[in-house]
Amino acid sequence: MQRRHVVQYGAAGVGAVALMLGVGWWRVDGPGAPKPAGQRPLPLSAMDFRLTDHEGNEVGPEALIGRPTMVFFGFTYCPDVCPTTLSDISGWLEDLGDDAARMNVVFITVDPERDTAEAMAEYVGYFHPAIRGWTGPEDQISRAVEAFRASYERVPTEGGDYTMNHTASVFLFDAKGELVTMIDYHEPREFAVPKIRRALTEDVEGAT
């Protein structure tokens, strides 16, 4: 079985990620990437799916309304894109300081067969403590992916194993559950963090 790769955010993951850079490009930016859905995600209030967080609590899109939200799809056996992005998100949250506590940050698996709540708890534990892991039945994962207008596919590998191709962007919503923008894979911190602060600013303006 393919070994799960996890990294602590910051410099600890740089070496492991670099080894898989070419594969990551193929799956995310290159010819092996899934085709984007090409539609705007639904508002969180219009989504309908039931999942379980990494602590065993039932969750759904309504749990994300009321605070700005970042959502990222991936899986714990992901060799490069997911640990890179979750490390990036962790860095962005560090940059936000105390404002990070005003955010929902959710990592939704596209590989529920392997990513149990326990596996998600172990995995997200390597990153910023604000990040929550969500998993659930395949049909509910599919409903979530469709609502976000994301995409994923199972890809067989040698030895009878498999990997997952998936949307690699981070979805950023305001406190009302409306999409603010997307943060692209590889997007520099100096561009990503202002986008997040914009969502936080809209949250403050909406509350006044």
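Analyst: Accessible areas come from the Shrake-Rupley method with a 1.4 Å probe, and for residues only the protein chains shown count as cover. By that method the accessible surface of the chain comes to about 9800 Å², of which 52% belongs to carbon and sulfur atoms. This is a predicted model, in which local features need pLDDT of at least 70, side-chain atom pairs count only at pLDDT 80 or more, and totals for chains, interfaces and linings use all residues. Residues are numbered from 1 along each chain as its sequence is written, and side-chain values use heavy atoms, with hydrogens and water left out.

User: What percentage of the residues of the chain count as buried?

Analyst: Buried means under 20% relative accessible area, exposed over 50%, and partly exposed in between (1.4 Å probe, protein chains only). Of the 208 residues of the chain, 52% count as buried.

User: How many helices and strands are there in the chain?

Analyst: Helices (H or I, at least four residues) and strands (E, at least two) are DSSP runs, numbered from the N terminus. The chain has six helices and nine strands.

User: In what order do the strands form the open sheet?

Analyst: Two strands pair if DSSP finds at least two bridges between them. Here seven strands form an open sheet in the order 2-1-5-4-3-8-9, with mixed pairing. Strand 2 (58–59) and strand 9 (179–183) stand at the edges with a single partner strand each, so one side of each is left without a neighbour in the sheet.

User: Which strands are joined to strand 4 by bridges?

Analyst: Strand 3 (residues 69–74) runs parallel to strand 4 and is joined to it by six bridges. Within this pairing, T69 stands opposite N104, and V71 has V106 as its bridge partner. Strand 5 (residues 131–135) is also parallel to strand 4, with four bridges between them; there I108 stands opposite W134.

User: Why is strand 4 largely enclosed?

Analyst: Six of the six residues of strand 4 (residues 104–109) are buried, so the rest of the structure largely encloses this strand. N104, V106 and I108 point one way, while V105, F107 and T109 point the other way.

User: Which helices make right-handed β-α-β units with strand 4?

Analyst: A crossover is right-handed if, with the strands pointing away from the viewer, the path from the first strand over the helix to the second runs clockwise. Strand 3, helix 3 (residues 81–96) and strand 4 make one such unit. Strand 4, helix 4 (residues 117–124) and strand 5 make a right-handed β-α-β unit as well.

User: Where does R114 lie, and is R114 buried or exposed?

Analyst: R114 is in the loop between strand 4 and helix 4, and counts as buried at 11% relative accessibility. A polar contact is a pair of N or O atoms within 3.5 Å; within protein, one must be able to donate a hydrogen and the other to accept it, and residues adjacent in sequence count only if both atoms are side-chain atoms. The side chain of R114 makes such contacts with the side chains of D111 (2.6 Å) and D161 (3.3 Å).

User: Which residues of helix 5 are buried?

Analyst: An α-helix has 3.6 residues a turn, so residues three or four places apart point the same way. In helix 5 (residues 138–147), the buried residues are Q140, I141, A144, V145 and A147. They cover an arc of only 165° around the axis (taken from the directions from the helix axis to the C-beta atoms), which puts them on the same side of helix 5.
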